[in-house]
Amino acid sequence: MPRLVSRLVLSALIAAASPLAASASTLVFCSEGMPETISPPLATTTTGINAGRQIFDYLIDVKPGTTELIPSLAQSWTISDDGLVYTFKLREGVEFHSSRIFTPTRTMNADDVLFSLNRQLQPDHPFHNVPGGSFPYFDDTGMSDLLKSVEKVDDNTVRMTLTRPDATFLANLALPLSAIMSAEYADALLAQGHPELLDLEPVGTGYFAFLDLTPDVAIRYRAFEQHWRGPPAVDTLVFSITPNASVRLTKLTVGECHVTAFPDPADVETIMTNPDLELLQQEGYNVGYLAMNVTKPPFDDERVRRAVAMAIDKKSIIDAVYRGSGVAAVNPLPPASWAYNEEIEDYPYDPDAAWALLADAGHAEGFETDLWYIPVSRPYSPNGKRIAEMIAADLDRIGIRVHLVTKEWGDYRTSLQDGEHTMALYGWTGDNPDPDNFLNILLGCRSAIKGGNNVAKWCDPDYDALVTEATLVTDIGKRAALYRQAQVIAHDKAPWVPIAHSVVFMAKRRNVKGYVMDPLDRHIFGEVRLSDD
């Protein structure tokens, strides 16, 4: 099992990391929640992805601060004329981390790429069921059906053959599913009888190597001096797990952390007036939404779902909770997407019409239901409980009596993906710039299964045909037209009530240099340094 750091040791570490202290070699990031994993292929949230991407490099990446795809461990690639064969030339001389139980004897090569992808692709792979055979991004992107084979051409060349052309394939390789793990490490763990350590004490090629983890307290990393882009600017990185936004701000103010995720919009002015702090902000590539589980009556009736959409006063929610940092959402896609449908008009806020529609569906007296709310602050949901309370009050006006439910963040996500809820608040930040990352992963049929990210469990064949066809064509104009048609169906069938797209805030101490906000909510610390200013 991973080595654990005591709270006493963590406190001493954070004290040493304070910008007021002598040491400037430790960077402390106040994270908004405990990641569900530090192994990218198992991640389902940006919290888990960010914890894991400190350790791992992906085959293809996205340029920090942008949505531009760039080479990473794959230095270059070619695509066959029929779009079925991708040949990747790997970067040479890339070193793996060492750990308390592993010392690498070679650099990264094609064997590591084959191991990392075939582990997810092949049910009979010895690591497929470690820890349970569930790889959310691999499954939700349809890789298990798309990838026909992953083959080694030579030590520095990998050939991937697809079952069909797919315009999203390269963008999806910039997701956690392509984090490259050490096949040599995996073989050693298997020989020792401890394959589970692959994900619990992971070994990668990233800017930082994993040190230890205390659940709900902290994750520690050490700088990897042999990183192929050059060593990080700090010696140690700490993720200090701090779910409460007010506590995160307090820690930032007194110097217990250097960068904090997602301050409360209500605290923006406080941050801006503190000379030791700096507020960062940008338009988020995200959506916060209310999902209705269409497998559970009465939400299997689209009239009920549309009634809910007309009963919710989005403007009041945005004014009260987002405090000027959000705009009302109409579609699942954020407006910055090249496939956004600007012609769709939102359901009006009209409680009388909502009540009439509910009566038409046979619920003139209303009904009781549950509403799950996010227990941590997220960029698309600064205060889940307050949003839920306001929605409950709105729905009560049309006779829908709501019981509020929540769970710890990890259990919350799992419960929603398993379909335990009836109505639930959730959200999404894009992992790559392709619209498929929203429209297929969040509302497509293949992710409506138990454990999938389609938490409405909505599977519409007409919608699914459109988003599937959009992956088969490369012309961006044709793809955009298909996605715009799909958004019309999602609007009319109303499995969601899109609530808001938010402006994302981050805050840091002024002596933190080189930190760049990212539209995909990635936290990249390899080039971040602490100045003496």
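1. At what angle do α17 and helix α18 pack, and how far apart are their axes? This is a predicted model, in which local features need pLDDT of at least 70 and side-chain atom pairs count only at pLDDT 80 or more, while totals for chains, interfaces and linings use all residues. Residues are numbered from 1 along each chain as its sequence is written, and side-chain values use heavy atoms, with hydrogens and water left out.

2. α17 and helix α18 (residues 476-493) pack at an angle of about 160°, with axes 9 Å apart, which makes α17 roughly antiparallel to α18 (angles over 145 degrees count as such). Axes here are lines fitted to C-alpha atoms, for helices over the stretch in contact, and angles run from 0 to 180 degrees between N-to-C directions; helices are DSSP runs (H or I, at least four residues) numbered from the N terminus. The crossing of these two helices, α17 and α18, is left-handed, that is, the near helix is turned anticlockwise from the far one by less than a right angle.

3. In contact (heavy atoms within 4.5 Å), Asp 462, Tyr 463, Leu 466, Val 467 and Glu 469 of α17 meet residues of α18 that include Leu 482, Tyr 483 and Ile 489. Sorted by class, the contact of α17 with α18 has eight nonpolar, one polar and two charged residues.

4. Helix α11 (residues 302-311) and helix α13 (residues 351-360) pack at about 165°, with their axes 8 Å apart, and α11 and α13 are therefore roughly antiparallel to each other. α11 passes α13 in a left-handed crossing, and the contact of α11 with α13 has nine nonpolar, no polar and three charged residues.

5. Eight of the ten residues of α11 are buried (under 20% relative accessible area, with a 1.4 Å probe and protein chains only), so α11 is largely enclosed by the rest of the structure. Among the buried residues of α11 are Val 304, Arg 305 and Met 310.

6. A search of the whole structure finds one disulfide (a pair of cysteine sulfur atoms within 2.5 Å), and it joins Cys 445 to Cys 459, with S to S 2.0 Å. The torsion about the S-S bond of Cys 445 and Cys 459 is about 95°, so the disulfide is right-handed. Both cysteines lie in the loop between α16 (436-439) and α17 (461-469), so the pair ties together parts that are 14 residues apart in sequence.

Definitions and conventions: Angles under 35 degrees count as roughly parallel, over 145 as roughly antiparallel, 65 to 115 as roughly perpendicular and the rest as oblique. Ala, Val, Leu, Ile, Met, Phe, Trp, Tyr, Cys and Pro count as nonpolar, Asp, Glu, Lys and Arg as charged, and the others, Gly among them, as polar. Buried means under 20% relative accessible area, exposed over 50%, partly exposed in between (1.4 Å probe, protein chains only).
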